[in-house]
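Let us walk through this structure, starting from the inside. Keep the viewer open as you read.

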Amino acid sequence: MKDFFYSKKFKVLVAVAVLLGGIMAWAGANGRLASAPEEILSAILAPFQQGASAVSGGVNGLLDKYVRIDSILAENEALKQENWELRDQLVEYDRLKAENDAYKERERLEEDSPEYTYASAFVIGRDPLEQFGGFTIDLGTLDGVQTGDVVVSDQGYLVGRVLEAGPASSKVMTILQPGSYAACVVSRTRDSSNLNGSSQYASSGQCVLENLSRDTLATVGDEIITTGLGGEFPPDIRVGTIEEILPEESGRSSIAVIQPGADINDLKHVFVITDFETASGQQAQEATSGAQSQAAG
């Protein structure tokens, strides 16, 4: 018992008693003795009331968010649907614009060469290992495209020929491919030769005009066009321009490096000439008609 009066607990009790006595004396002096216990209790409970209020507010806010989550999810789905619809509209717009541009180019080509029948085709595939610019188009035999049909760019420059024609798509061999011979002529000098692909120049998007005369008057910048000889290509199809003239290894002739008018490796759209008449074809047809008339007579 004696040790209790020297303990910390006793000292705390004395301090609390002194504090309470002081508060009671202050309240009595100011006429607030009756409300002192209430004020003391309020002061003690104030921090707990504030904490409870904060917790209550947080719970209410959480409940509001939980109640609104369904509407937020519904709004999010509506926005996604709207975004998909806008993307679909954009894709459709791009398709219609491309088709409209192609239609205008087709009209121009048909005005320039009404004897040719053109089919509009989009490039839909390229083989990354194809070093000669070959590609696949979205037209096939169901669209009237056949193996051997001539392919030109939107501006009418020679691109190549249909190598394989499937029902709905076709593979195109370009003029960069070695062995893709086309009878051509230098427009200004009328020097005739064969256009061919070259492994040496294909990486630069160029081809060559082979077996030119050593004394050719052709120069850099001259235009190259097809002759129609052999009936495989229409006549007067523009090919490109001469970039350089070099002697062949044999020394008996020259070759001309040709820069095609069409950017073979960057084509997005082309035209397939599905029907054409060459001068030789017309002459043969006239001769046949004449013979038939004579036989009938």
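Which residues does leucine 158 touch, not counting residues up to four places away in sequence? This is a predicted model. In it, leucine 158 touches Val150, Val151, Val152, Ile175, Ala182 and Leu195, among others. Its list also includes Thr226, Phe233, Ile237, Arg238 and Val239.

Leu158 belongs to the largest nonpolar core, a set of 44 residues. Leu158, Leu195, Leu209 and Ile258 have the most contacts inside that core. In soluble globular proteins, nonpolar side chains tend to be buried together.

Serine 180 sits in the loop between β5 (170-174) and β6 (182-186). Is serine 180 buried or exposed? Serine 180 counts as buried, because its relative accessibility is 9%, and the cut-off for buried is under 20%. Beyond its neighbours within four places in sequence, serine 180 is in contact with Met173, Thr174, Ile175, Leu195, Asn196 and Gly197. With Thr174 there is a polar pairing: a polar side-chain atom of serine 180 lies 3.5 Å from the backbone oxygen of threonine 174.

Now the cysteines. How many disulfides does the structure hold? The count is zero. A disulfide is a covalent bond between the sulfur atoms of two cysteines. Take cysteine 184: the closest cysteine sulfur is in cysteine 207, 8.2 Å away, so the two are too far apart for a bond. The cut-off for a disulfide is 2.5 Å between sulfur atoms. Cysteine 184 is buried, at 1% relative accessibility. Cysteine 207 is buried too, at 0%.

Methods: Residues are numbered from 1 along each chain as its sequence is written. This is a predicted model: local features need pLDDT of at least 70, side-chain atom pairs count only at pLDDT 80 or more; totals for chains, interfaces and linings use all residues. Side-chain values use heavy atoms; hydrogens and water are left out. Buried means under 20% relative accessible area, exposed over 50%, partly exposed in between (1.4 Å probe, protein chains only). A nonpolar core is a set of buried Ala, Val, Leu, Ile, Met, Phe, Trp, Tyr and Cys residues joined through side-chain atoms within 4.5 Å. Contact means heavy atoms within 4.5 Å. Helices (H or I, at least four residues) and strands (E, at least two) are DSSP runs, numbered from the N terminus. A polar contact is a pair of N or O atoms within 3.5 Å; within protein, one must be able to donate a hydrogen and the other to accept it, and residues adjacent in sequence count only if both atoms are side-chain atoms.
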